[in-house]
Amino acid sequence: MKDFMMIFIGADYQELGLSPEQMQQRMGKWFGWNDKMTEMGIVKAGDALVPEVKRVSGPDRTVTDGPFADSKELIGGYYIVKAENADAVVQIAQDYPDYDLGGTVEIREVMVFDQ
């Protein structure tokens, strides 16, 4: 089994103007998906991320506060899951709760370095 990061990209819920009831429904979908993967024994880690962003870049370590004009998408969170291959993670991602809001799941294998 390998580790894969599923990166969740989409709009900020608050910017979408979801009602408290819609937010509660949305969170229920997320908790259900998490419970399903936990029962399968494939979730290693995962968290939601706050929308506020800082970037540190360049040789002078320039600090910039977001949002950034070059990025209209928000990385809202991630999971690290165990799977045989990326195709298996694509199947896991079929239940991602935010496809109906235009969300995207980016799947990346975690690189392992020999010591």
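**A cavity and its surroundings**

The largest cavity is lined by Gly10, Ala11, Leu16, Tyr96, Asp98, Leu101, Gly102 and Gly103. A cavity here is a set of points, on a 1 Å grid over the protein atoms alone, where a 1.4 Å probe fits but cannot get out, and a lining residue has an atom within 4 Å of such a point. The model is a predicted one, in which local features need pLDDT of at least 70 and side-chain atom pairs count only at pLDDT 80 or more, while totals for chains, interfaces and linings use all residues. Residues are numbered from 1 along each chain as its sequence is written, and side-chain values use heavy atoms, with hydrogens and water left out.

Asp98 counts as buried, with 8% relative accessibility; buried means under 20% relative accessible area, exposed over 50%, and partly exposed in between, with a 1.4 Å probe and protein chains only. Leaving aside neighbours within four places in sequence, Asp98 is in contact (heavy atoms within 4.5 Å) with Tyr13, Arg26, Trp30 and Gly103.

Arg26 leads on to the charged pairs, since the side chains of Asp100 and Arg26 meet in a salt bridge at 2.9 Å, N to O, a salt bridge being a side-chain nitrogen of Lys or Arg within 4 Å of a carboxyl oxygen of Asp or Glu. Because Asp100 lies in the loop between α3 and β6 and Arg26 in helix α2, this pair ties together parts that are 74 residues apart in sequence. Asp100 is exposed, with a relative accessible area of 51%, whereas Arg26 is buried, with 8%. Through salt bridges that share partners, Arg26, Asp98 and Asp100 are joined into one network.

By this rule the count comes to 7 salt bridges. Another of them joins the side chains of Asp3 and Lys44 at 2.8 Å, N to O; Asp3 lies in strand β1 and Lys44 in strand β2, so the pair ties together parts that are 41 residues apart in sequence. Asp3 is partly exposed, with a relative accessible area of 23%, and Lys44 is also partly exposed, with 48%.

How values were computed: 1 Å grid on protein atoms, 1.4 Å probe; cavity = no way out; pocket = protein on both sides within 12 Å on 5 of 7 lines; lining within 4 Å. Helix = DSSP H or I, 4+ residues; strand = E, 2+ residues; numbered from the N terminus.
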